[in-house]
Amino acid sequence: MVIPQLDTRNASKAREFAFSDEDFNALRALVKAHTGINLTDQKRELVYGRISRRLRALDLESFREYRELLSNESGTEFVEFCNAITTNLTSFFRESHHFEYVRDQILTPRMNDPRGSRRVRIWCAGCSSGEEPYSLAMTVRETLGDTGRWDIRILATDLDSDVLARGQRGVYAADRVRDMDPARRKRFFRETTLNSQPAYAVAPELQSLITFKQLNLMTPFPMKGPLDAIFCRNVVIYFDKDTQRDLFARMSRLQEPGAILFLGHSESLFKVSTDYSLIGKTIYRRV
Ligand SMILES: C[S@@+](CC[C@H](N)C(=O)[O-])C[C@H]1O[C@@H](n2cnc3c(N)ncnc32)[C@H](O)[C@@H]1O
């Protein structure tokens, strides 16, 4: 039996739009320069799929036309282009041991120490649609109860303006909160609808702790610090090592010795930064 070989060059003939090496290389160079995201050859189909949607939406006939549009117009489509490329997978209390660490090692010791600082600054860098900062806000409210004497801010930033808007709105389809502890859901969410479907809206007591802001991690950071904790989880997995080195060097300048950095489950600072020491599963302390 002859097994047909898949010829990826010919595969493009069956596509709705021609997608040449030149198209792919030009688009991935733009993505790398602007976002730090390193699109490997394996991401070719993903790029085709996501950007084809933009071609359809704009009624364009080819990737060449799309590239021309990106280079000519003032930037509106560039935002859509970046939004289409980013991967935004997230969930409430994802990698839950990080939130337990915040509760047990950051907030509780301070609460129990009459002289402990009541100022808490946490940054979610690459917060996607908000589940991560809201999980932190729930941790804060559950641990500290009345925060009247505390000065707590959670800064939540992302490059992608679509997911950021969703985070700011704070309304989640019912399946996003289905696995949450029912008591927690009852305390922090109110039932509502989203696109006529059952949904949950986060409580104002969570929203009041968080500031959502668009920030490209490739650009200078506007905040000063010092930051008690940085959540930079499942973001740098898409960056090459040099980009990671530069990013963590800049992040470390916002943190004092003893402050904490949380990375995603498949990320590490090995050969990337010596400004932090590993103290737990993907938990680092500023040295
Ligand atoms: C996979 S999500 C991770 C969300 C969350 N931190 C978590 O772990 O559940 C990665 C996020 O990083 C954001 N991102 C990627 N490159 C970025 C950049 N250069 N600046 C800011 N955010 C970026 C993406 O838009 C996306 O929302």
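Analyst: Of the protein's 287 residues, 48% count as buried. The model is a predicted one, and it has 12 helices and 10 strands. Taken along the principal axes, a box of roughly 70 × 50 × 50 Å holds the C-alpha atoms. Among contacts between residues at least 6 apart in sequence, 71% join residues at least 24 apart.

The largest nonpolar core has 42 residues, and the members that touch the most others are F81, W123, C232, M251 and L261. At least two residues of this core come from each of these helices and strands: α2 (21-35), α3 (44-58), α4 (63-72), α5 (76-85), β1 (119-125), β7 (229-232), α12 (241-252) and β8 (260-263). The most is given by α5, with 5 residues.

Leaving aside residues up to four places away in sequence, F81 touches L27, L30, V31, I51, Y66 and L70.

A199 lies in strand β5, which spans residues 197-202. With a relative accessible area of 2%, A199 is buried, because buried means under 20%. The C-alpha atom of A199 is separated by 4.3 Å from that of A173, although the two residues are 26 apart along the chain. A173 is also one of the residues that A199 touches, and the others are V171, Y172, A174, R190, E191, T192, T193 and L194, again not counting residues up to four places away in sequence.

Helix packing gives another view of the model. The axes of α6 (residues 97-112) and α7 (residues 131-144) come within 10 Å and cross at roughly 40°. The two helices, α6 and α7, are therefore oblique to each other, and the crossing in which α6 passes α7 is right-handed. On the α6 side the contact is made by F99, V102, R103, L107, T108 and M111, which meet E132, S135, L136, T139, V140, T143 and L144 of α7. By residue class, this contact of α6 with α7 divides into 7 nonpolar, 4 polar and 2 charged residues.

Terms used
Residues are numbered from 1 along each chain as its sequence is written. This is a predicted model: local features need pLDDT of at least 70, side-chain atom pairs count only at pLDDT 80 or more; totals for chains, interfaces and linings use all residues. Side-chain values use heavy atoms; hydrogens and water are left out. Axes are lines fitted to C-alpha atoms, for helices over the stretch in contact, and angles run from 0 to 180 degrees between N-to-C directions. Helices (H or I, at least four residues) and strands (E, at least two) are DSSP runs, numbered from the N terminus. Angles under 35 degrees count as roughly parallel, over 145 as roughly antiparallel, 65 to 115 as roughly perpendicular and the rest as oblique. A crossing is left-handed if the near helix is turned anticlockwise from the far one by less than a right angle, and right-handed if clockwise. Contact means heavy atoms within 4.5 Å. Ala, Val, Leu, Ile, Met, Phe, Trp, Tyr, Cys and Pro count as nonpolar, Asp, Glu, Lys and Arg as charged, and the others, Gly among them, as polar. A nonpolar core is a set of buried Ala, Val, Leu, Ile, Met, Phe, Trp, Tyr and Cys residues joined through side-chain atoms within 4.5 Å. Buried means under 20% relative accessible area, exposed over 50%, partly exposed in between (1.4 Å probe, protein chains only).
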